[in-house]
Amino acid sequence: MSMSRRRLLGASGGLALTGALASACGSNTGRDGDDHAGQPVIEQWYHQYGEPGTEQAVRRYADAFDRANVQVQWRPGAYDQQTSAALLTKSGPDVFEVNGPTLDQIQGGQVVDLTDLLSEAKDDFNPAVLAPKTYQGKIWAIPQVIDTQLLYYRRSMLDDAGVEPPRTLDALIDAAKKLTTRDVKGLFLGNDGGPGVLGGTPLNAAGLTLVTEDGKVGFDDPAAARTLGKLRQLYAEKSLLLGAPSDWSDPAAFTQGLTAMQWSGLWALPQVKKALGDDFGVLPFPRDGAHGAPAVPVGAYGAAVSARSRHKAVAKAYVKWLWVERTDYQEDFALRYGFHIPARISLATKAAKLRQGAAGEAVRYVTDHGHAEPLLWTSASRTAYQDALSRIIKGGADPDGELRSVVRKTKAELRRVRKKN
Amino acid sequence: MRGPLTTELTRRLLGPQNRHLWFWIFVGPFVLGLTLFTYVPLAWSVYLSFFDAHNTVSPTDFVGLDNYTAMLGDDAFTGSLVTFLVFTAFIVPATYVLSLALALMVNRLRWAQAFFRSVFFLPVACSYVVAALIWKMSIFNGVRFGLANTVLDWFGADQIAWLSTTDPPWYWLVIVTVRLWLQAGFYMVLFLAGLQRISPRLYEAAAVDGARPGWQVFRHITFPQLRATSVAVVLLLVINAFQAFDEFYNLLSDSRGYPPYARPPLVYLYYTALGQGQNLGLGSAGAVILALIIAVVTVVQARWFGLGRKED
């Protein structure tokens, strides 16, 4: 049969339309129903961890759960933005790890109350990381592992320059200057000069907080401007490494000898040890002022359940099984692939890897000097603060004036979230 | 055997008198897609801009113009508009001059014209993200083995942290050069098309009148004849500059955010509406304001340049 051009176009147009309709109507994501074995299908999201083996491990845990078919999604890229957007739709995850949840996510009813999952185990979770996941007495995510950030320093470089490991902010500024040469910078605080990664840590080191326990601005104090103003000195004296190919979270700049000191995560410790052996030490961010104290930030990804999940009960059961009951998996996840502190105190204290050397010191810093970002520190406050810090460090802006503006913004944010109670 | 109904349907579908039906069969799916994925979200965004929409796209708390006043009173947003103006001031003339120069050069080539046209056009096919990462990580990184710093080192100059230094603001050099590399080839092709439309008789007449080849001919013949192309190029450049996102985001952001300098409006709105803040009401108000600004600037610019006016 011969086919005219018109007939051919008509047929192909019809086929395309039929195909589009068929795929639209028949698309099955497996989200609404059960799988072939009659089990509910739940989707679990993780952000992409850098450590090899982690993805296979979490898939193994998911396969071992026998009350649901858990499908793990390993998501690279801007994970926080992806989950925030997905939670607005029905196609989001049932269970997901979250660096929060944020107060707006809790107040917006996007996550499920998980208080009843902890029951008697609650006291075994590190209170420093459980607190930011608790709002109005309810727990909104189960902490998975604890992470912290530390000041790594190269012993040999400090010895050669006759510099002691810095215990005060002034000593850190002085050391960074002395350690700076034509090819090596004294300190790496990230390619932006520090505002992004340091956050509230310098304020904690000055004896202040971002938001007080009774919900007020915690840095409306002259000490805040004094401390943040000192960070400008590091930049102005050209002691900071800027523009490294990889940022603060990767220890490459430190291990490649581009910097003598670097602020990075606990997760970088095995890599640093492998590259430098014992030629390094770790310190908390050094104290500043008479009321100051050393400080390290602590944070924890937590497992949360989406309020839009169609299988909330089984999703909660899965979270309880994995992050409360299966302590063997928790220990495996924290210590076998990367390097994190288990969120359970009992696991953290018995882990041999966390008892000695730099790791042992890091655990002690978390216990003695750890500060978690308060739940009331909203994204808008954080952006205003980081912008101000950037202008102080790089632009030499007046710290007093900049901080006054951040205090105003933070007060407005605290009023806004209080209104929603 | 065909029944009367089938015959009638066939006649209606295949007959030359039913061009409208076929038009809609082929265009309809795209109109449907455009409506579903562009116009409905646009209308929804305008709707959201009048509500307190934190972490929701179905808000209930009507706030009137509060989001608009908040956005217009926000230093970070107004600062982002200033960033756009600075970026436009750099990129529009730079791209215009470079692409016109390339077009003139390629147009005069007696041999290998197609080769050079392809070479200059090729970067257009490169992704903004990829180009931005190459610029950031290998050419303009701030350490001693970055390409730009290696060249500086040959002359004994100090290393420069290209993207992290605000005084002087070297980051503009990185941002402008990456976009220039990516888009100059595209505008070169537009100018080439414009150049090839100019009648050779005009050049012959100019030669007869004694015009010197080179600058005089360019000024009095070529440039005025390229007026329509120039207007279109400048309009496209300004609109593209307003929509700048990819290279800024990939050059300057990190996992913890974005520095307050060189933050164009779309990057700011991305962080407001789609970042962890998820303030979709405020972000929508900003998007509406930005859309209005682009529309007004485009219309004013088009009228100023006389876009669509008949050639004299």
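Which residue forms a salt bridge with D288(A)? In this predicted model, where local features need pLDDT of at least 70, side-chain atom pairs count only at pLDDT 80 or more, and totals for chains, interfaces and linings use all residues, residues are numbered from 1 along each chain as its sequence is written. Chains are lettered from A in the order in which they are written, and side-chain values use heavy atoms, with hydrogens and water left out.

The partner is K230(A), with the closest N and O atoms 2.6 Å apart (a salt bridge puts a side-chain nitrogen of Lys or Arg within 4 Å of a carboxyl oxygen of Asp or Glu). This pair links distant parts of the chain, 58 residues apart: K230(A) sits in helix α11, D288(A) in the loop between β9 and β10 (helices, H or I, of at least four residues and strands, E, of at least two are DSSP runs numbered from the N terminus). Both are buried, that is, under 20% relative accessible area with a 1.4 Å probe, protein chains only (exposed is over 50%, partly exposed in between). D288(A) and K230(A) also join D170(A) and R226(A) in a network of salt bridges.

Turning to the two chains, 42 residues of chain B are in contact with 45 of chain A (heavy atoms within 4.5 Å). Three salt bridges run between the chains. One of them pairs R263(B) with D387(A) at 2.6 Å between the closest N and O atoms, going from the loop between α12 and α13 of chain B to helix α18 of chain A. R263(B) is buried at 5% relative accessible area, and D387(A) is buried at 6%.
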